[in-house]
Amino acid sequence: MFRAQTVHRAHFDPAEVQISTLLSIKTGGCPEDCAYCPQSARYDTGVRAEKLMALDAVLAEARAAKAAGASRFCMGAAWREPKDRDLDAVCAMVEGVKSLGLETCATLGMLGADQARRLKGSGLDYYNHNLDTSPEFYGDIITTRTYDDRLQTLAHVRDAGIHVCCGGIVGMGETREDRVGMIATLANLPQHPESVPINMLVRVAGTPLADEPKFDPLEFVRTVAIARITMPRSVVRLSAGREDMSEETQALCFLAGANSIFYGPKLLTTPNPGRDRDRELMVRLGMVPMEP
Ligand code: SF4
């Protein structure tokens with residue numbers, strides 16, 4: 001913790017938190033089999049497959065997010081990879097969100113080199129594509145795409161000049177060595193991801209990981225600390241799982257070097273602390289939003 005705080009303070013103002021809002025622009029019905037995910041069509045989780053949202057509706061959500069203090073607006077779609085006609089629609093959303101003065105981020109599944117260049121051309125600032133876990137444990141969680149597929153998408157994103165948002169999930173039954181392996185893989189990418197989301201598994205009924213035991217919060221804090229120490233200039237984001245975390249655990253995560261959160265009552269399809277609760281926590285911890 002001391003090392004993590006020392007590293008954090010050398011590169012960031014420890015009182016500042018980057019605030020992102022995440023909107024599911026295309027929910028459910030995903031053909032992939034990620035064992036943690038309520039949006040996979042393979043699991044009976046009660047999430048209904050929906051069509052891609054209309055541009056106007058996305059822009060209305062982006063305006064509301066900006067008014068609530070978000071600096072970045074992330075759009076997530078439950079696809080294996082975007083089809084070309086879907087990409088046209090997403091590019092229009094990126095252009096629209098960007099014109100509101102927000103940073104833009106998208107998470108759409110695997111991308112080809114050309115698709116990454118098109119997204120960059122529309123003004124996309126960040127692309128999220130997580131490694132999820134260590135290379136060794138990966139096959140226990142996903143079988144429909146390989147670890148190398150993921151690294152390939154990350155390379156296309158990087159080559160297109162888009163900032164990389166890439167992290168993983170803890171609490172899926174992996175060992176500490178797997179957590180180390182995930183962080184080591186991230187920290188040994190050709191360039192550190194600008195943004196590193198560390199998620200705590202949300203155990204959703206109907207998914208294969210629904211009955212995983214609750215993960216030790218202090219081990220979560222330690223994972224955040226290791227991400228901070230090994231990727232000193234990356235923004236480390238507390239992502240999924242905050243709803244289940246005590247305020248004290250979140251405070252420890254900020255002390256361990258986390259400096260970003262998702263803001264808003266919903267994270268794709270799972271609950272997240274409400275804006276008022278977050279605002280109050282920020283005030284109590286003496287923390288302020290980071291300027292874009
Ligand atoms: S994590 Fe993404 S790719 Fe995997 S099942 Fe869920 S929506 Fe599909």
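Buried means under 20% relative accessible area. The model discussed here is predicted.

Q: Does aspartate 132 count as buried or exposed?
A: The cut-off for buried is under 20% relative accessible area. Aspartate 132 has 1% relative accessibility, so it counts as buried.

Q: Where does aspartate 132 lie?
A: Strand β4 covers 126-128, and helix α5 covers 147-159. Aspartate 132 lies in the loop between β4 and α5.

Q: What is phi of aspartate 132?
A: Most residues other than glycine have a negative phi. Aspartate 132 is a residue other than glycine, yet its phi is positive. The value is near 75 degrees.

Q: Which residues have the most contacts inside the largest nonpolar core?
A: In soluble globular proteins, nonpolar side chains tend to be buried together. The largest nonpolar core here has 76 residues. Those with the most contacts inside it are Tyr36, Leu108, Leu119 and Phe220.

Q: Which helix gives the most to this core?
A: The helix in question spans residues 84-99. It gives 6 residues to the core. It is helix α3.

Q: How many residues are in the second, separate core?
A: This core includes Leu22, Cys74, Tyr126 and Phe262. Its residue count is 5.

Q: Which residues does leucine 119 touch, not counting residues up to four places away in sequence?
A: Leucine 119 is one of the residues with the most contacts inside the largest nonpolar core. Leaving out residues up to four places away in sequence, leucine 119 touches Leu87, Val90, Cys91, Leu108, Leu111, Leu124, Tyr127 and Ile162.

Q: How many residues around the ligand are charged?
A: The residues around the ligand are Cys30, Glu32, Cys34, Tyr36, Cys37, Ser40, Ala78 and Arg145. By class, 5 in this shell are nonpolar and 1 is polar. The charged residues number 2.

Q: Which residues lie closest to the centre of the second largest pocket?
A: About 170 Å³ of space lies in this pocket. Its lining has 12 residues. They divide into 5 nonpolar, 2 polar and 5 charged. The closest to the centre are Arg72, Tyr126, Glu194, Val235 and Met290.

Q: How much space lies in the second largest cavity?
A: The structure holds 2 cavities of 30 Å³ or more. By class, its lining has 5 nonpolar, 2 polar and 3 charged residues. The space in the second largest cavity is about 90 Å³.

Notes. Residues numbered from 1 in each chain as written. Predicted model: local features only at pLDDT ≥ 70, side-chain atom pairs only at ≥ 80, totals over all residues. Heavy atoms only, no water. Helix = DSSP H or I, 4+ residues; strand = E, 2+ residues; numbered from the N terminus. Buried < 20%, exposed > 50% of the residue type's maximum accessible area, 1.4 Å probe, protein only. Near = heavy atom within 4 Å. Nonpolar A, V, L, I, M, F, W, Y, C, P; charged D, E, K, R; others polar. 1 Å grid on protein atoms, 1.4 Å probe; cavity = no way out; pocket = protein on both sides within 12 Å on 5 of 7 lines; lining within 4 Å. Points joined across faces, edges and corners; volume = space filled by probe spheres on them. Core = buried A, V, L, I, M, F, W, Y, C linked by side-chain atoms within 4.5 Å. Contact = heavy atoms within 4.5 Å.
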